[in-house]
Protein chains: 2
Amino acid sequence: MYTPKPFAITDPNIINQIIYDNSFATLVSETEGSSLTATHIPLLLNSSEQVLFGHIARQNPQGEVLENKKILAIFHGPHTYISPSWYETKKSVPTWNYLSVHVYGKASLVQNEEELRKSLDELILKYEGEESPFFLRNMDEKYIDALIKGIIGIKIKITKIEATAKLSQNHSLERKNLVIQELEKQKDQNANEIAKWMRENLNA
Amino acid sequence: MYTPKPFAITDPNIINQIIYDNSFATLVSETEGSSLTATHIPLLLNSSEQVLFGHIARQNPQGEVLENKKILAIFHGPHTYISPSWYETKKSVPTWNYLSVHVYGKASLVQNEEELRKSLDELILKYEGEESPFFLRNMDEKYIDALIKGIIGIKIKITKIEATAKLSQNHSLERKNLVIQELEKQKDQNANEIAKWMRENLNA
């Protein structure tokens with residue numbers, strides 16, 4: 001991802017937060033014959049080990065060819081159109097503000113069933129929360145076995161992370177405030193979230 | 001994208017609508033040395049010509065290598081976590097419902113300035129609307145010239161489209177209704193939009 005300097009995020013805490021908040025990622029890889037393919041799946045980051053965990057349907061042909069392949073996992077944050085009509089001058093053009101983290105890495109298939117189950121448990125805990133009635137370990141073993149046969153666990157060893165937060169940092173404080181006001185008026189959650197990120201970055 | 005049959009969208013009108021509603025796309029291609037790269041930009045579909053139009057910053061290194069390259073443009077629709085705790089049985093697992101359109105094509109750089117200006121005008125018209133005070137043609141020619149020097153127009157000849165709408169079609173009507181009820185309760189717009197799509201597909 002091309003990231004002009006004002007938009008680059010380097011703070012690992014912010015990067016990890018964006019990954020955590022937007023974990024329904026786009027996993028891109030090459031299949032045989034150098035054609036691109038992508039799958040939409042949740043990916044969880046283990047930041048101490050610099051590894052992403054996820055799983056895909058066994059029938060998904062992308063799975064078979066992931067072993068030892070370079071992948072790109074894209075975590076999409078909020079994004080919104082920015083109209084130059086909000087600015088104090090007409091001498092400007094529209095743009096798009098957005099947050100995105102691109103994680104490069106090498107994929108391998110999780111062969112160890114315990115490791116796969118652990119990553120499924122973590123995924124469920126994240127989305128269900130502590131108080132959910134639903135946990136894998138409470139389920140019938142035969143049922144779980146059948147489910148696990150239907151998926152392939154994926155582990156991605158991270159080699160590089162690129163992170164962009166395009167939040168009008170290249171504009172004046174006056175103009176940023178005008179943009180925030182307009183975004184806060186909108187009923188669109190993406191616009192509101194970008195406004196929040198812009199506000200937090202006003203004094204950065 | 002692996003699309004099990006119940007989730008495949010084949011109606012071109014629905015596909016075009018998803019592209020139109022989610023035009024801030026992820027443009028994926030290979031750079032030299034077969035590494036993957038992606039840029040987030042709005043792309044507009046000309047469905048009669050089966051072409052996507054967009055532009056990227058001239059400084060973006062992805063631009064130079066796009067000429068004649070195979071690309072994948074991903075249009076992300078709404079997406080949301082589906083908890084099995086909403087179901088009438090505990091014998092099930094979490095999933096994610098989502099809409100996504102993957103457009104494959106061959107990229108070329110727009111060399112004709114008139115063609116580039118036309119695509120910029122269309123993009124602005126789409127997002128600004130007819131009543132906006134902002135139009136490229138109302139602006140100072142020198143200013144526009146400078147802007148146009150800073151970007152590269154991209155034209156993508158579409159070769160294949162894959163479209164997925166994962167909306168619990170593989171579950172019972174009773175269960176779909178339970179899911180819709182829970183999604184409609186949420187304050188998350190993505191969840192509400194998936195509920196709307198599910199409701200429209202109940203009798204499909």
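**Salt bridges, interface and sheet**

Searching the whole structure gives 18 salt bridges over all chains, a salt bridge being a side-chain nitrogen of Lys or Arg within 4 Å of a carboxyl oxygen of Asp or Glu. Please keep in mind that this is a predicted model, in which local features need pLDDT of at least 70, side-chain atom pairs count only at pLDDT 80 or more, and totals for chains, interfaces and linings use all residues. Residues are numbered from 1 along each chain as its sequence is written, chains are lettered from A and ligands numbered from 1 in the order in which they are written, and side-chain values use heavy atoms, with hydrogens and water left out.

Now to the part you asked about. Between chain B and chain A, the count of salt bridges is zero. Polar contacts are there, though: 18 residue pairs, both partners at pLDDT 80 or more, link chain B and chain A in this way. Such a contact is a pair of N or O atoms within 3.5 Å; within protein, one must be able to donate a hydrogen and the other to accept it, and residues adjacent in sequence count only if both atoms are side-chain atoms.

On the side of chain B that touches chain A, two or more residues each come from strands S1 (24–30), S2 (36–42), S5 (70–82) and S6 (95–110) and from helices H3 (113–128) and H4 (141–149) of chain B. Helices (H or I, at least four residues) and strands (E, at least two) are DSSP runs, numbered from the N terminus. S5(B) gives the largest share of that side, seven residues.

In chain A, an open sheet of seven strands runs in the order S2-S1-S5-S6-S7-S4-S3, with antiparallel pairing; strands pair if DSSP finds at least two bridges between them. S2 (36–42) and S3 (44–46) of chain A are the edge strands, each with a single partner, so one side of each has no neighbour in the sheet. S1(A), residues 24–30, pairs with S2(A) in the antiparallel sense over seven bridges, and A:Glu30 stands opposite A:Leu36 in S2(A).

Finally, a salt bridge joins A:Arg117 and A:Glu113, whose closest N and O atoms are 3.0 Å apart. Both residues lie in H3(A), residues 113–128, four residues apart, about one turn of the helix.
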